[in-house]
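Please keep the sequence and the model in view while reading.

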Amino acid sequence: MNYQRFFEEAIDQLHAERRYRVFADLERIVGAFPRAIWRAEGEAREITVWCSNDYLGMGQHADVIAAAQATVSSMGSGAGGTRNISGTNHPLVELERELADLHGKEAGLVFTSGFVSNEAAISTIARLLPNCLILSDELNHASMIEGVRRSGAEKKVFRHNDLAHLESLLAQAGRERAKLIVFESVYSMDGDIAPIAEIADLADKYNAMTYIDEVHAVGMYGAHGGGITEREGLAHRIDVIEGTLAKAFGTLGGYIAGKREVIDAVRSYAPGFIFTTALPPMIAAAATASIRHLKVSQSERDAQQRQAQHTKDVLSAADLPVMASQTHIVPILVGDPELCKMASDRLLARHGIYIQPINYPTVPRGTERLRVTPTPFHDDALIETLKEALVETWAALGIPFESQRKPSVAARSDRIVPLTVPKAGG
């Protein structure tokens, strides 16, 4: 048997569907964010990154770097083992306490990534609940879907943010059956927000547990960076809050926070936690420094919100098809996988602007897009440069501008939704 042929055919299929992914070799420059060095074909060139998940630039904040440097100098580079075998380093213990405090919960638990935290926590919680039914939003992240799948529990998928559909599924299950509602606060590809209060109301009415993924919101919203649940005063109504340290906090890792018994059960039963090496102390210390800074500093969030809204306004005024978004996510509709890849390539090669194409299966076919994530460091001049580059690229490649789109397609992106104004102090 020619084993290699199967792998070649799998890769050929991706090429045929225009969704083969090419990674950009980037070298970030401390002190020059969002500038980076792009290396390709033996050459190095300085470019501007417009699609980073380091939403606030905290990966290069002086306090965060100093914490990592001091800890690696005193404790070394690695954790030395799993949490059970010498890997529970003191900076990691401090980090978990900081995360529990951030969300007003009794306990926190750190994993090596956001994907692992979702997969391990959801699957373990559902397995420990007898005859559990999982109710999952149809646009949940792949990590949540994997957690649902690995749980072995029965699942029902409810239409995105559709409260009536969710309630009908809850009612069918009845109050006595164990139920776990899993959903996100900010959906990263469209930038919309879940109706958290209403979902919590339904959970109360039908006696269900709630699990929310706040990875694109922690650090970004709320008076202390606790996410949408903090901004809306709803953290106490959610059983488990999951987040990441790799986006707004600028480091690495994922986590959950909740009641002590729930967190302890996941700690004790989740293979994805038990059998993997712990987060290194230098990363834990850097994450703690970032969280502590963002708990007391609002300036990064304010600046980011301002630049995100300005980006939406400028691109919209240029007739670019900016899709509706309630948050800092700025999706620009292309609607074709090949054109999306071509646009990304042209922006990088001709304009020195890096925006990764977002194609199927990350988004539905026909909604392929460029996903822009402005930070406090994308100033007005960079936004103007982005606009000019996008307009040139759209014209050169024949991508329809907003006014040229058919109504059925434009309906997805016919308005620019301003960033939701935070509540006082948020």
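## Cis peptide bonds

Pro361 is found in the loop between β13 (357–358) and β14 (369–372). The peptide bond that leads from Tyr360 to Pro361 is cis, with omega near 10°. Helices (H or I, at least four residues) and strands (E, at least two) are DSSP runs, numbered from the N terminus. The model is predicted, and local features need pLDDT of at least 70, side-chain atom pairs count only at pLDDT 80 or more, while totals for chains, interfaces and linings use all residues. Residues are numbered from 1 along each chain as its sequence is written, and side-chain values use heavy atoms, with hydrogens and water left out.

Where is Pro34 found? Pro34 belongs to the loop between β1 and β2. The peptide bond from Phe33 to Pro34 is cis, with omega near 15°.

## Positive phi angles in loops

Asn161 is not a glycine, yet it has a positive phi of about 55°. This residue, Asn161, lies in the loop between β6 (154–158) and α7 (163–173).

Asp319 is likewise not a glycine and has a positive phi of about 70°. The loop that holds Asp319 runs between α13 (299–317) and β11 (330–333).

## The four-stranded sheet

An open sheet of four strands has the order β1-β2-β3-β12, with mixed pairing; two strands pair if DSSP finds at least two bridges between them. The edge strands are β1 (25–28) and β12 (353–354), each of which pairs on one side only. Strands β2 and β3 run antiparallel and are joined by six bridges.

How many bridges pair β3 with β12? Strand β3 (residues 43–49) and β12 pair in the parallel sense over two bridges. Thr48 stands opposite Ile353 in β12, and Val49 stands opposite Tyr354 in β12. Helix α14 packs on the sheet and touches β2, β3 and β12, and its direction makes about 115° with that of β3. Contact means heavy atoms within 4.5 Å, and axes are lines fitted to C-alpha atoms, for helices over the stretch in contact, with angles that run from 0 to 180 degrees between N-to-C directions.

## A crossing of two helices

Helix α5 (residues 114–128) and helix α10 (residues 260–269) have axes that come within 10 Å and cross at roughly 105°. That makes α5 roughly perpendicular to α10 (angles under 35 degrees count as roughly parallel, over 145 as roughly antiparallel, 65 to 115 as roughly perpendicular and the rest as oblique). On the α5 side, the contact is made by Ala121, Thr124, Ile125, Arg127 and Leu128; on the α10 side, Val262, Ala265, Val266 and Tyr269 take part.

By class, the contact of α5 with α10 has seven nonpolar, one polar and one charged residues. Ala, Val, Leu, Ile, Met, Phe, Trp, Tyr, Cys and Pro count as nonpolar, Asp, Glu, Lys and Arg as charged, and the others, Gly among them, as polar.

## The second largest pocket

About 220 Å³ of space lies in the second largest pocket. On a 1 Å grid over the protein atoms alone, a cavity is a set of points where a 1.4 Å probe fits but cannot get out, and a pocket is an open set with protein on both sides within 12 Å along at least five of seven lines; lining residues have an atom within 4 Å of a point. Grid points are joined across faces, edges and corners, and a volume is the space filled by probe spheres set on the points.

The pocket is lined by 15 residues, and the closest to its centre are Val22, Phe23, Ala24, Asp345 and Leu348. The elements that give two or more residues to this lining are β2 (35–40) and α14 (337–351). Helix α14 provides the largest share, five residues. By class, the lining of this pocket has nine nonpolar, two polar and four charged residues.

## The cavity

The structure holds one cavity of 30 Å³ or more, and about 70 Å³ of space lies in the largest cavity. Its lining includes Arg83, Leu92, Val110, Phe111 and Thr112, as well as Gly272, Phe273, Thr276, Thr277, Ala278 and Leu279.

The elements that give two or more residues to the lining of the largest cavity are β4 (107–111) and α11 (271–274). By class, this lining has six nonpolar, four polar and one charged residues.
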